[in-house]
Amino acid sequence: MPDRPNLRIHFYGVQGSGSVFPSRAERQAAAEVSDHDLLAQVFADLKRHADAEGRISATVEEVLGGPVSRRTLLAYRRRFDVPEPRVYGGWTTCVRIETADGHDIVLDCGSGFRVCAKDIVAKWGNREDRELTILGSHSHYDHTEGFDQAAVCFDPRNRIRICAERSYLKALDQNLGIFSHHVDVNLKGVVTPLHYELMPAQFESLEIRDFTRKPPQGDSDSLANGYHPISEPLRIGATTIQPFEVFHPAPCLAYRFEHAGKVFVFCTDHELRRGDDPEHPLQRASLEAEARLRAHSMDADLLYRDGQFFQAEYDGEIGVSSTFGVSRLDWGHSCVEDVLDMATACRVKHTLIGHHDPNRDWSERNWIDETLRRKSEQEGLKFELARAETVYDL
Amino acid sequence: MVGKKIAMLGMWGVGKTSLVQQYVHSLYSEKYHASLGVKVDKKTVQRADGGQMMLMLWDIAGAEDHFSVPLSYVRGAAGYLLVMDGTRPETLDAAVELVETVETGIGRLPFVAVINKSDLDWTFGEADVRARFSDQDPLILPSSARTGENVEAAFLALAEQL
């Protein structure tokens, strides 16, 4: 691993739709797995003190390496490496990228943005360069809800540039007025007590727009301080970022990052539609978006992609962690099986499947991930469920 | 026509998908593809009493160490095929755990125990399986998804119990 990776990617939240707090049953299931692993190792260790008949002949002090105390107990515990329980969901979508040339870029402001912002504030300290770029995918609440809880928004020295499709900018602005400096009197204080007068950071907006469909009429408007054509990459230092449209009920962008030849593709909330009519306008739009995603993902080093459902769940044969199924056509999310097909066809080295359904329980997520591990061995490519609080270096 | 949900249960790699593919599509692949989640296939069968029954075959990914098959996939099943790999004794242990999980979480359901891969050398057999399931006393069949041995017979035998 290089000392200073080209791209260091922090996943703060990968949960779809809503944040998930582990239930008591899930906590107990996780503890049981850890307990089993620990006990298996402890008894393997005790075998060292067993005679030919398996009888243990040792004092507690000999096993522990000293009299029983907090220190010796913890020292004994540290001999054994027990994997921590995997956290697949947690906060809603927020990813941060640190580039080798010192830039911080955030993808989406789900509830994970609160934790992400704490890390940024701690990293920046009192330094002079205090610019953050946020790239938004789409306007839905689970991609914006963390914005007004983020410490980075409350320091007047901070300059926060938000680049996104117009509806994302509007979703942030309509309740907070951070770009337009205006909140409708009927909205002020309704969704959040906060608004631009209480959020002293400097906010700028850059609307990513398809100029061929809607060319800008001027340099800016009350919502967008500037415009950027979707066909052109954004450049932040040595990082090139290509936005592109994917398929979702709201206008939605995915992004391809490239830095010194390393490629990361971020694609949350995209549906490869599985309708019956290939001529249906939505079906065609979905397939066109999928083709764009494939083109941008060829030979990528890391891909994060929405895989909220299994096909049987999408088709309504079964619910998510429930027997009651309902069709998920046009819910805006893809099937795990389609993600694997796409990632294999595109030779993506490492695929993280995210935007987890909040109803899928912890044990099932682990069960799926174990199968993905076996599929990875078969394909020679790595597939796994995305986890919160993970970091990848490219 | 009566429709019945049948769950395919067993540890990973025992041949659940191959049995379904052989039964429904008369296909067999030498290459192992780990199943993911669940895939549903359908097949109409003629019962001994002359009636027809639509079997909805829920091919559920195998149980893993620590993480068994989620019961939400099994609920609503009228019965299940419990599949073991005769070359891997740990698949018998896993089968015992699966039956315990189903009976604790859902209740007792009819099942047929299938010892798959009869075309290979087994390390355990029918007597071992019978000893572990003496309480349930299921029908136990040797099978091979590769040769087709007892594939149809296993599904039909289960259908007759539903």
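How many residues of chain B are in contact with chain A? In this predicted model, 16 residues of chain B are in contact with 20 residues of chain A. Look at the side of chain B that touches chain A. By class, that side has nine nonpolar residues. It also has four polar and three charged residues.

Now turn to chain A by itself. Chain A is divided into two parts, domain 1 and domain 2. Domain 1 takes in residues 7-20 and 89-389. Domain 2 takes in residues 27-43 and 60-83. How far apart do the C-alpha centres of these domains lie? The distance between the centres of domain 1 and domain 2 of chain A is 40 Å.

Next, find the sheet in chain A. Strands of a sheet pair through backbone hydrogen bonds, and they may be parallel or antiparallel. This sheet is open and has seven strands, with mixed pairing. Read across it and the order is E8-E9-E10-E11-E12-E13-E14. Strand E8 (234-236) and strand E14 (382-385) of chain A are the edge strands. Each of them pairs on one side only. From one strand to the next, the twist averages 20°.

Zoom in on one pair of strands. Strand E12 of chain A covers residues 302-306, and strand E13 of chain A covers residues 350-354. The two run parallel, and four bridges join them.

Finally, look for helix H8 of chain A, residues 336-345. Helix H8 lies across E12, E13 and E14 of chain A. Its direction makes an angle of about 160° to E13(A).

Conventions
Residues numbered from 1 in each chain as written. Chains lettered and ligands numbered in written order. Predicted model: local features only at pLDDT ≥ 70, side-chain atom pairs only at ≥ 80, totals over all residues. Pairing = 2+ DSSP bridges. Axes fitted to C-alpha atoms, helices over the stretch in contact; angles between N-to-C directions. Contact = placed C-beta atoms within 7 Å. Domains from an automatic or database assignment. Nonpolar A, V, L, I, M, F, W, Y, C, P; charged D, E, K, R; others polar.
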